[in-house]
Amino acid sequence: MLLVEDDPLIAEELAAKLGSLGHHCRVAATGTEAIEAFNQMPFEAIILDRMLPDLTGTGLLDHLRAQGVLPPVLMLSALGSSSDKVEGLNAGADDYLAKPYDIGELNARLAAIVRRGPQVHGDVISLSIGQLRLDGTNHNVRFGAAQRHLNRIEFSLLLFLMRHADRLVTRAMLFEGVWSHSFQPLPNLVDSNISRLRRRLLELGCDPIVTRRGEGYVLLSEQCQ
């Protein structure tokens, strides 16, 4: 899971306690680090400190939620009033726990939100082009009778490309539409994730993504039939 906490001592102590309970944590000290981690790999859940040095916890949630699918989020904060909790929950948190907290209660709440599964936001439940079907309820992509599960980035990339089928999609468009311009992308971030997505699609027997060297990518609808 992703632990977003700017205090190194608190982060180290909480990660150790969660590790003793069987959880593996990746720690991010800022909102920017959290976004980069979130875009590199899927997480079962996010434990999020509300007060961060560069972004508020609610601002970070707004950013992540806008991308379509958000893993369960437990927000931690020294701000424990009812209005604070309402604001955090409205921003997209699944649960809100005020500091100081008991590790047993935190673990129980974490288990409860993980059982609920990820949130699916926006109005796209499914999208189809020919035999290629993207299902937002479970992050599966189907081609004919075959199907594969996509991680969050693969899903978002394919959704963006399918929405712009038969049109050139530049890397800049993907940065804005999938990752957002709120952080500095790692070198070759788009290309490496497109390559992973293409491997998933090739496993299904479908190869609709064409690279336009120096320009970007096109998803050809005729290759989805």
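Tutor: pLDDT is the predictor's confidence in each residue, from 0 to 100. This model is predicted, and the mean pLDDT of the chain is 82, with 87% of its residues at 70 or more.

Student: Where in the chain is confidence lowest, and where is it highest?

Tutor: Strand 7 (residues 119-120) has the lowest confidence, with a mean of 52, and strand 13 (residues 209-212) has the highest, at 94. Where pLDDT is low, the predicted coordinates should not be read in detail.

Student: Why is Asp49 called buried?

Tutor: Buried means under 20% relative accessible area. Asp49 has a relative accessible area of 6%, so Asp49 counts as buried. The residue belongs to strand 3 (residues 46-49).

Student: What joins the side chains of Asp49 and Lys99?

Tutor: A polar contact of 3.4 Å joins them. The cut-off for such a pair of N or O atoms is within 3.5 Å, so the value of 3.4 Å meets it.

Student: With which residues is Asp49 in contact, leaving aside neighbours within four places in sequence?

Tutor: Asp49 is in contact with Val4, Glu5, Asp6, Gly57, Leu76 and Lys99.

Student: What makes Ile113 buried?

Tutor: Its relative accessible area is 0%. The limit is under 20%, therefore Ile113 is buried. Ile113 sits in helix 5 (residues 103-116).

Student: How far apart are Ile113 and Pro72 in sequence and in space?

Tutor: Ile113 and Pro72 are 41 residues apart in sequence and 5.8 Å apart in space, C-alpha to C-alpha. Leaving aside neighbours within four places in sequence, the contacts of Ile113 are Pro72, Val73, Leu74, Asp94 and Asp95.

Note on methods:
Residues are numbered from 1 along each chain as its sequence is written. This is a predicted model: local features need pLDDT of at least 70, side-chain atom pairs count only at pLDDT 80 or more; totals for chains, interfaces and linings use all residues. Side-chain values use heavy atoms; hydrogens and water are left out. Helices (H or I, at least four residues) and strands (E, at least two) are DSSP runs, numbered from the N terminus. Buried means under 20% relative accessible area, exposed over 50%, partly exposed in between (1.4 Å probe, protein chains only). A polar contact is a pair of N or O atoms within 3.5 Å; within protein, one must be able to donate a hydrogen and the other to accept it, and residues adjacent in sequence count only if both atoms are side-chain atoms. Contact means heavy atoms within 4.5 Å.
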